[in-house]
Amino acid sequence: MADNNNDPLALAQRAAQALTAATGVARFDIALTLGSGWGQAALLLGTKIAEVSADQIPGFTLSQVIGHSGELSALEIPDGRKILIIGARTHLYEGREIDATVHSVRTAHAAGARTIVLTNGAGGVNFDYGVGEAVLIKDHINLTARSPLKGANFVDLTDLYSAELRAIAKQVHPELKEGVYAQVPGPHFETPAEIKYLRAIGADAVGMSTAVEAIAARALGMKVLGLTLITNPAAGVTNDPLDHEAIIAKGKSAAARLADLLATVVHKLP
Ligand code: 8IG
């Protein structure tokens, strides 16, 4: 449901109310945003209580991107906590205001969530990363030249990706690597020269989401856990061209392992 409202937090409040009305869940404990390749895995976290098409909720629109579901779902995990699954991510390249790209985060907060798990699919910049590997985000480089915040809001981003939550993830999955995620605006993929540049400035993976969402979450005091699925070697890492269809297929084949990873990590979150 498109909505022109210049107070993004008020819009998020209205979205949260609509979400409660649609799902019957008054308060969510954790939110989880689905990135490319993560959809199947996330739905195995618990029992689905309800599902609503994003266009029924103020401020959300249906994504035009294949591989993004367009649904908001309420799950109950075994200990009774309620998880909001956000299958309707808005990207900067969709041409809407930056507030639209973080509306789901603000809605999750307004709906009660104080922890958000941001997942994404990304190109592997680090030569050690294999396709299908999940990597913990330890930090990001925001190359969008944009912020979701306005005014003199000097939010501290030291430890943006919660050391506490990363430690929990590594406790259950000691094999998890940690890396730096670079967010670029897209929608084009990078040139090989840009990937060399990203590696030189300390990036391990590159994608078109997550960093601005993490900033918005931190500004609201939420704890952030970031997980990246390496769906393709970034440009120039191999000789293969980048192809969105092939990337989606790789994401699908990683689903079973990701389901186990997500369930074991999310169920352990405080
Ligand atoms: I999935 O290689 C996925 N998203 N910028 N580069 C960028 N975004 C991506 C990539 C990639 N793979």
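Let's start at a helix end: where helix H1 begins, a side-chain oxygen of Asp7 comes to within 3.1 Å of the backbone nitrogen of Leu9. Before I go on, please keep in mind that this is a predicted model.

So, staying with H1. The helix covers residues 8-23, and at 1.5 Å a residue its 16 residues should span 22 Å. The C-alpha atoms at its ends are 22 Å apart, which agrees. Now, which residues of H1 are buried? They are Leu11, Ala12, Ala15, Ala16, Leu19 and Thr23. If you look down the axis of H1, these buried residues fall within an arc of 145 degrees, so they line one face of the helix. Turn to the face that points away from the buried side, and you find the exposed residues Gln17 and Ala21.

What covers the buried residues of H1? The cover includes strand E2 (47-53), strand E3 (71-76), strand E4 (82-87) and helix H3 (98-110). And just after H1, Gly24 adopts a positive phi of about 80 degrees.

Leu19 takes us on to the core. The largest nonpolar core has 41 residues, and Leu19, Leu72, Ile116 and Val224 are the ones that touch the most other members. Elements giving two or more residues to this core are H1, E3, E4, H3, E5, E6, helix H6 (211-219) and E9. Of these, H6 gives the most, with 5 residues.

As background, nonpolar side chains tend to be buried together in soluble globular proteins.

Let me pick out Ile116. Leaving aside residues up to four places away in sequence, Ile116 touches Ala31, Thr33, Val105, Ala217, Met222, Lys223, Val224 and Leu225. Apart from this core there is another, of 29 residues, with Ile30, Leu45, Val265 and Val266 among them.

Two loop residues are worth a look.

Leu34 sits in the loop between strand E1 (30-33) and helix H2 (39-43). At 10% relative accessibility, Leu34 counts as buried. Leu34 and Gly80 are 46 residues apart in sequence, and their C-alpha atoms are 21 Å apart in space.

Finally, let's step back to the whole chain. There are 8 helices and 9 strands. Of the 270 residues, 53% count as buried. Among contacts with a separation of 6 or more, 81% come from residues 24 or more positions apart. The C-alpha atoms fill a box of roughly 50 × 40 × 35 Å along the principal axes. How does the radius of gyration fit with a compact globule? For 270 residues, a compact globule would have a value near 18 Å, and the chain has 17 Å, which agrees.

Terms used:
Residues numbered from 1 in each chain as written. Predicted model: local features only at pLDDT ≥ 70, side-chain atom pairs only at ≥ 80, totals over all residues. Heavy atoms only, no water. Helix = DSSP H or I, 4+ residues; strand = E, 2+ residues; numbered from the N terminus. Expected span 1.5 Å × (residues − 1). Buried < 20%, exposed > 50% of the residue type's maximum accessible area, 1.4 Å probe, protein only. Arc of directions from axis to C-beta. Contact = heavy atoms within 4.5 Å. Polar contact = N/O pair within 3.5 Å; in protein donor to acceptor, adjacent residues only side chain to side chain. Core = buried A, V, L, I, M, F, W, Y, C linked by side-chain atoms within 4.5 Å. Rg over C-alpha atoms; globule rule 2.2 N^0.38 Å.
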